[in-house]
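Please read it alongside the structure.

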Amino acid sequence: RGPAAFRGGAGRGFGSLAMGREDPMDLPLDREKVCPMLLRIFCKFNEFHEDSDFSYEKQPMDDEVRVHTWRDATLGELTELLAQMHRQCRQAGTRVSFKVVYPDANGKWVSHMLGSIAIGRRLQDDVARKTLAQIRFQVGDFLAVAIYPARSGYNKAAAAGEDDKEEDKEEREDRRRRREPGEEGEGEEEDKDAKKTEDAMEKEEDK
C-alpha cells in the first residue's frame, strides 16, 4: 500500500461505535457468495507486540497466525481459531486481548485497543460479539493479540507431569522408610553375632 492508502485514526470511525451509529459495513453478508480476506494475527504471551514492531517492511513473523475470514467474523470466532494454534486459549480463566494495528495519516504505525475476552464465561461479552466490520478493520491492517494464560487451568495441567513425578518420589520415599526398620534390625542381629564371636575368642585367649 502506498500513501494513498493511509487513513488517520479519526477517519477510522472508532468513536461511532460508542455512539451506536448504523453502518452499511455492519450488515450481515453471505459467506457462500463473498470471498474471504486474509487476516494476519500476531500473538504474544502476557503482553502485546509494540507498535514499533510493525511496518510495511517487517512484522514479528515468528508469532504470526494467518487465517482467511470475512468482515462479519467476531473476535469470539477468532479466539476459537487461535485455540487451534494455542491450547492456552481453551482453558477457562485465560484472557485474550485484542488491538488493531494500522498506519495513521503520517504513515506511522499506531494501534487501537479493542478489549479482552475471558475464556470460560457462559455469556459472551460485548468484545466477543464485535465483528471486524464493527472495529473498522481494513485489508492490510494487523490484529495484535496478547494471551494471558490462567493461573489454574492450562498452567495447572502443564504442571500435572511435575506433580506426578513428585507423587512418585513420595511413594519411593515411603517404601524406603518402610524398609528401613527391617534393614536396621538385620544390621543389629549381625552386630550381636559379631560381638558373641569376639567374646568367645577373648575367653579362649585367657585360657
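Five residues lie between the strands in the hairpin of E3 and E4, where Gly107 takes a positive phi near 85°. The model is predicted: local features need pLDDT of at least 70, side-chain atom pairs count only at pLDDT 80 or more, and totals for chains, interfaces and linings use all residues. Residues are numbered from 1 along each chain as its sequence is written, and side-chain values use heavy atoms, with hydrogens and water left out.

**Strand pairing**
- E3 and E4 run antiparallel and are joined by nine bridges (strands, E, are DSSP runs of at least two residues, and helices, H or I, of at least four, numbered from the N terminus; two strands pair if DSSP finds at least two bridges between them).
- Lys99 has Met113 in E4 as its bridge partner.
- E3 also runs antiparallel to E5, with seven bridges, and Val96 stands opposite Ile147 in E5.
- E3 is largely enclosed by the rest of the structure because eight of its nine residues are buried (under 20% relative accessible area; exposed is over 50%, partly exposed in between; 1.4 Å probe, protein chains only).

**His49**
- His49 lies in the loop between E1 and E2 and counts as buried because its relative accessibility is 3%.
- Beyond its neighbours within four places in sequence, His49 is in contact (heavy atoms within 4.5 Å) with residues including Phe54, Asp63 and Lys99.
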